[in-house]
Every structure is written in structure tokens, then in C-alpha cells.
Amino acid sequence: MHLQTTDGTGPNASAENSTNEPQYKTKSSALPFGQDIALSSVSGPTYLTAQTLVQQVAYALSDKLFTYSPESFDLDVAAKAWSAAEEKNASGFVTGVQSLETRHGAGSIALGYMFSPDFDLSKRHVPQTIVASAASLHHLRPTLDQLSLLYDVANPTALQVAAVDYAAETRAGLVTDYCSALALAEELGIGLVSSRSAFEVQHMSLLATLLSSVLPSMHTYDGITTGRETTRVVDVLNVSSLKRTYDAVLSTVKDDLSSKRLTNEGKLSKLMLAFNGELGTEYNCFEYHGHASPTSVIVVFGTVEASLSAQLADALAKQDVKVGVINVRVYRPFAEEEFLELLAPSVQQVTVLGQVKDQASVMDSSVTSSLYADVMAAINFQSMSAGKEPNVYDIKYARETVWTTAKMEALLRQLGGKPGETSEQQPPIELTSSETKQYTFWNLDDSKTTAAPIMIGQLLSDDSSLNVTVRSGHDNFAQGGAIRTDLRCSPKSIEAAYSVKAADVVVVADQKLLKDFSVVDSLKEGGTLLLRSANWKEEDVEKNLSTSLRKAIATKKVALFVLDPAASAKVEEEPELESYLLQLAFLKIARTDVYENGMKKLQAAGDVLESLAKDMDAALKHIEVPESWLTLELEENQGLPPPEDLNVNSFIPSDRGDDEPPSYLRTWTVAAKGLAFKEAYGTSAAVRPDLSVKSAIVHVKEHRRLTPETYDRNIFHIEFDLGDSGLKYEIGEALGIHQQNDKDEVEEFIEWYGLNPNEVVEVPTRDDSSVLENRTVYQALMQSVDIFGRPPKRFYEALSEFADKESEKIDLLMLGTGGNQEATVEFKRRAEVDTVTYADILLEYPSAHPSFHDIVRIVSPIKRREYSVASSQKVTPNSISLLIVTVNWVDPKGRDRFGQATRYLNALPVGAAVTVSVKPSVMKLPPKSTQPIIMAGLGTGLAPFRAFVQERAWQREQGMEIGEVFLYMGARHRREEYLYGEEWEAYQDAGIITLLGCAFSRDQAQKIYIQDRMRQTLTDIRRAYLEKEGVFYLCGPTWPVPDVTAVLEEAVEVEAAAEGKKKDGHKEIERLKEELRYVLEVY
């Protein structure tokens, strides 16, 4: 199934579509849109890759192709398909394609074929072609050396060489290798031609084949990016046109090529003249771009180098930067005179941008680039005849260097600038036209949606008024295998040998990639970020998006959208349709014209696409970006930002080995592999890698019980030493405690359930059940699996599948589904009265004995527990405090029950390490220090107000004027629960707290609550809250909210009456809520 319009003219416009095969499969990134293309279709304006065009020339004009392509490089993938389909070449027969291994003696078969006794001599004039990567040239050298010596009696032989090698010792992995071809051409004297872009790669392949009539010749081109990019080429020659051009050029220069008087350079000149005459082109051995009167010229060789430098030099010339670029199109034969003609009289310096093997060669002053030697020789020759000799310099770069527009622009500005002149103030040059739309897609390479950008590109290519380019790159060391796809479309031709830097839309199909890459860096200001995230919750936005990412989104004014595939009923029913959901979401955001108009024309998907489109309202969510994100402070210990682009180190997805169902028990070797091969397994060092939020380790500094030992409620103050954790927090925020289960209970469960505590298992992370991590069974039960938590209905239903006894199966199923009224009542009793745990249920139903990998699947993960911070970091910069009440009760069976988190905290000794994380809150001080604050807290709800009062005291110490501070606190008994009482009184004596209203409900016959204390001081509340525009806060349980709100409404109405007005108290309080002057944090 394809999103293909009925009037499309794209490469698959005539392809049959089938809903029986919903998954779009890409065969190879070396093919246009990843799909096979017939030899007859390589003609006229069409979408192709440079690599396909190279193979077309080789296949059309050759007798045989000898290919040396590593398995994933696919340098011969199209040619092999054409040969298997018995497609005829230009001579009317099927070209033989022999795929050979790159090893010692490579090329011998090709040489043996040409000089075998039974070789058909009538084919001696027909070219033979070797298709290879630069990595093969070292092994081919002996054969090429022999061929050069025997060339007078050999077939014309052309080499089509993708400039790519795999360098395991480099960070990049795949490297662009021109130095191997340059060195071989220099040492053996064979011809060498380079292509600047996909638009000329067919012509340069043809030129190299023609040049092979003079001497063995190579054509080299970028094999990593440009060579594999799908783009629209307008003037593609078909097989018969190639043959006609080939024969016509050779016929024109026939006498010149056999002349003994002409040197190889002379023959090249004649050949180039005839070649241009036949094609109507203006190719030269050297090509100049830049200022008309340059003082500095840089000489380059290579696809990306030539394309980038030429475009930038022309742009810099408009700014009067006196720099020029000479692109070496034909390196051998080296036409010195033609090269020297391009050097203007104004040139004072010639710089050679020469590639060498590695960084060691860059640093070694005794090593020079091959190109430098030829340029130096040519200029020395000129100086002897004309007396003019500009200075010549060699700027070397290693094969692993990736040239970007910024890097090349900086180099050209440096060369073209005047001594002492800086160009820092100059805005970076934008090579992409304003009409060009750019999109970037990030994904994991095993995702169901990896083909989505290719399919979108194919859909957009149906518009004949547009030019579309699509390029993908794999980084198998990021998250176990990541893929980035850049898509551009424009009414003009696109020559962009670089990654998208200012995308209109960036799509991130897996939010794990946000940790490894700065995706927003490649977004233009005001662009759009579309994030795919299953089961997205509005309240989780800060958990899912890091502080730095949120700040970057706000700074760039990015429009943020989230696509939740779990919200699509159709995708839940048929998960393989998720790719189409992503495509529709992208089109709705980025190309509304295609989405709205094209939906009516889409064929072969009919009901499916209509269903997905209906799901779009629920699945696609526009996330509001609050202004507060602009002022977020980045953490000091955050480290270096991640890169904005991936390292292209593969052409295929990562081999993840044998698939194994999630959560199966494994041995320790699983964890060992992750540690030994960190990049491939996405292993990273973190305090708690299972947590999606940024966590830190702190240590208990103080543990102080605030209620008497004899009192039935244990309320305690706990303070943590931050040490060197770098943890930062604001007042009003909450501290997440990542607690652990009780050690004795875990060991008891392991023993009676018959588990091996040291076995390794995959478990869902605490905060995202779709993310799995490796833990031992003991670690999982201690830190991850909420085995002593309360089970929901779905657990009973899931457990019923494992029950061997029919009675237990029925019982569990009835409880899980609420099969009847009795079962519903029983479930409620278990949950609210008996407070049973997962472990209790497993013990109660012994015939239901799931394996541990099933336990971690059906038992919920432990969630962090959050507590309001009871301190201000301005006052206690190296510590953070909490106010906790332990949760404990006795169930009907007489068993002691505990809240796991408070039990964990209460048991911590001084010095114990605790994993924590910070969660933002709505509880913030008003923007002006002079605004009054009115706080009402019940029990541990006083925690944030302790921080507020500390902050106000600090503000006054700094010389700020502070407003009135009212504190209403509620508890049962003054003697037992006057929490922080001495502190409040000290602050009152110091003039920080201006009103302290304590309500101890059970210290007298008539119960008194905080709303009563508030009503007693209504005049003060009217003054502070209404007249002075104060802010009211309530923290604690929910039950007093209506009564407290009623007091505030009364204050509003009384104040209005005093002014001779009438106001609706309810509506006014609602308005104050909107203005954040009535803030609730209740539970």
C-alpha cells in the first residue's frame, strides 16, 4: 500500500498496490526510494541515485562488470537485478555481472578474462568495467599495474569507484576515501575523473569510459551521502543515447587518439572538446568559482568538497570576499596549462585542500597530499616561464572529516580575508533557497515507521513541478541502531551535499533519540517538532522532555506536536499501519495542501486511510509551550550537549542478533555484552538508567521525628545532603523518592516462589512500561517490580491465564472482569479493606504460578513517590528537606501494613544513599516580593510553606521589601502535632510571619479548623488578599477545600459591599485561580 495519487508521475506511479502487503519494504538505500528500477526507466527526467546512474553507464556500455562490493554497500545491486532480468545493454546482449570478493589477487579474474585464449576478439573494443569501493583499490593495484603494461592489447577498462571505506579505528566508521584513488592514479598514471553532484555523475561515468580508450581510467564519486541520495535528474541519457554519444565522440576523436604526436593531456583535451560538443555541455578539466579578482584560491577534489566550496565561493563573491575555488574534475591526465589559465593575476596564495589517510598523517609535516604535489609542480613550472609564483600551501584533512557548510565557509572566509580582519559578525551563508522546504526524520532502525519519510518523498515526487531529494544515514552505535532521513523539496533543482541544518519540520519517531541528539539544533526558528510518543500524558511533558530540550524549544519558538499511536483505534487494531498514521500526521502539519486535496485522490488504501484520518484528532496533539520554558536553568553538571547529527557508520540497520521475547530470563552474559559493546547496545553511565527523569544520589543528613514516640502518628523531618550531586531545586517543587521494596520481604518472596536472585531479566522501567532494561531478579524485585503494591483488576484477569485449577481460573477471571455483582463487591473489599498485594494474590492462588518473566509483564512497575520540598536552596544551598508522615495500618487478618515509600524513608539511617529527582510544581511565590502570601496547610501540607517562609526571610536579608505573610495551620493536637512550631514562632518574632493562625481541632470540645481561624481574621485577609493583591495557597488533603473557598468568597463579597458594589464570590475566585492567585496542591 502506498500513499500514491492517481495522477502521479513518480517512479511508482504505475506500480500495483495491495492492501495485503501493508508494509513498505526498502531494498537498498543505493536505489531510488529504496526500490528496484528497470533499466529502461533510467531515462529523461526521473528520480535516481548517483550510484544507480553509475551502474547504468557501466552496464550499458560494458561487456562484463566485475564488481567488488561489500555486502551492505550495494554498489552493484541494480546491475545484478538487470542482468538477472536479462535486460539488454547498448550492444544488444546481456551484460555479465560477476560479484567478487575483495581480497589479495582481486582483479585477476578480470585480467584473465580479457587475455584468455577463448576471448571473443570481436569484443576487444568493448569496454570492461570494474565497480568497486575505494577500500578495494589496494587489493586491485597489482592487477591494474599489469593492465597498464598490457594496455595496448587490452580492452578499454574503466573503474567506477565509490569513495567509501570502513575505518574501524575512527569515530565515524564509514569514511570518504579519495586519497586511495589519487595515490593510485599518481603511481600508475591511470586516468581519474570526479563528479561534483548526481546531476553530472552519468556524464562523468561516460567520460571515464571514453577516456579508457586512451588509458585505464577511474571515475570516483561520494559513496556515503550524495551517491545514495534519491534526487530528480532531468537530462538522463537512456541506454541507446549513451551508446550513440559514446560512438559519436570516439568517431570524432578517432584519429587523435591513435596519434603518436599527442600526449595523453592533448588527447584528453580533444576528447573533452568532442564530449562537450556532443552533449551541449561546458565541462572542463578544472572548474573555477568565486571572486573575479581573488587574492587567494583553494584547490579541491571530491564530490562534497567541490559542491560545497563552489556554492559558497560564489556566495562569498557577492560579499566581495576575494577567494576562489578550483575544482579538479580530471586529476589524471593533469592538464597543467588549463589549470594555470584559471589562476587570475591577482592571486597571491594557492591553498590545496588535500585529503590524507588519517589524523596522524594530518599532523605529520613530512606527509603531503597527492593533489598538493601536482599543484606545486604546475606553479613551479609557471614561475620558470613567467616569473610569477604565488605561495602554495597544503591544508590536509583526514578521510573521516565530514565537510559542512559552516566548516567550509569558515575556511573560505579565513583564506579570503585580510590579515587581522575577523568575520565573526557575518551571518552564516544559507545555500538553500527560500523556496526549498526541508524536513528531517529521526527513528530507530527497527521501527515500523522507518520507511515513512521515503514514502512521503515518493508521494511528493508525484508533483512534476517539484524537485525532491531523500537521503538516509544509519548510526548503528546510537541506541542500538538509529536512522536519520533528510527530505527536501523545491521548484528548483536541489544540490545540497550536506545535512539539513534549518528544517521546517523535524519528526522524532522515538523519544529515546532525544537523549543522544540535539534535534532542535537542526530546526529553523519557528519550525515544528513532531514527536511520536505512545500513551502520552499532558502531565508527563516535563518527564519526557529534558530541561535543555524544553528551553531550546521555547528559545526557537518551535511549534510542538505529539503523535500518540495508542490513541488511534485503527493502529491498535493493526499495528503495521502506524507508518501511515505518521505519514498522515506529517502531511497534516507540513503539507496541508497534500493532506486535504490528496486524501480524495488516494487509491488502494481507501477505508484504511479514512479510518486513520478520523483517528488523527485524538492521536495528534498540539502541545502548548509555556513562556516559563524560556527561563529554565540548565543543570551545572549536565555535561556536553549531544551532537546535532549522527555518524553515518552503516548503510543498513543494525544486526540486533536473535530476537528473544521481552522479559525472558537470561544469564549474566546479557549484561556483559551491554558493558563490552556499549555503543551497539546503547549502554550509558547513569545513576538510575531505568528512570526517564534525571536523577541524583543524595545522602541522609538528618532524620528527626517531630511527634512523640508514644503518639499514633509518626511525622518526621528528613534532610538530605546534596554533596556533589549538582541537584538544583526551586521552592514549591517536589522531590521524587525512588524507593525500594523491603529487603526481608523480597528475600522471603524469592525463597517461597522458587526464584534464582542472580538471573537476568528484562523489566519495564518505572516511568515508561514500553521501555525495558536488564536487571537481576533480586534487583528487579527490590527496585522495579511493585510486587507488594495493590493489584488492579487487570492483574487478576492476566493471572487467570496461568491457573491450572479450573476453580482458581474462574475465581480470578470473575474478579478481573467484574463478571457479576458478587465479584465486584469482593474486589472492592480486597482492595479497600484487606488491602491485598500482588504477592498475596500469588500466594492465595498457588496453581497460578507464572514464570518471573511473566510476573514482570503483568505486575506494575514501582512508581516514584513525590513529596513537597520543605526548604529553600537559597537558605540551605547544600541540603533539601521533606516533611513525611508514615502510612501504616493493620488489615482484618491482623497483619501490619505499610506504605512502601514512607516505610522506606523512615528506615533510612543517617548517611544512607537515596536516589531522587525533582518535579516542578504550581506552588511558586508571586513575582513581586511585596505581594502578601496567605498559606493554609494541614499536617504535612505545611512542607512547602516552610520553604516559602525561609525564602521570604532570605529576601529580607538581601534588603528586599517583603509583603505580609499569613500562615494558617491545621492539626489534631498542639502538644503532639505542632509541626515546626518553634520555627514559626521565631519567624513571627522576627517579623517575617505577620499572622499565625493555628487550628488544633481536638484540643477543645468544639472542633476548630483552619477555615474557622480564617473567618476570625477576615478583615486581615481582605486587606492582604484583595487590597494588596496577595496570593492564597492551600496544601494538604482535599476535604477542607470547599470550606476554605467559601471563606475567600465571603471575603470577596464583604469587600465589594464595603465599596458599595456587588460581586459574585464564586466567579471572582475562579478569576483569581486563572491569575494564579488561588493555588491548590491537594491530595
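Reader: Why is R399 called buried?

Author: Buried means under 20% relative accessible area, exposed over 50% and partly exposed in between (1.4 Å probe, protein chains only). R399 has a relative accessible area of 7%, so R399 is buried. This is a predicted model, in which local features need pLDDT of at least 70 and side-chain atom pairs count only at pLDDT 80 or more, while totals for chains, interfaces and linings use all residues. Residues are numbered from 1 along each chain as its sequence is written, and side-chain values use heavy atoms, with hydrogens and water left out.

Reader: What makes D165 and R399 a salt bridge?

Author: A salt bridge is a side-chain nitrogen of Lys or Arg within 4 Å of a carboxyl oxygen of Asp or Glu. The N to O distance for D165 and R399 is 3.1 Å, so the pair meets the definition. D165 belongs to strand β5 (residues 157–167) and R399 to the loop between β15 (391–398) and α14 (405–416), 234 residues apart. Helices (H or I, at least four residues) and strands (E, at least two) are DSSP runs, numbered from the N terminus.

Reader: Is D165 buried or exposed, and why?

Author: The relative accessibility of D165 is 16%, so D165 counts as buried.
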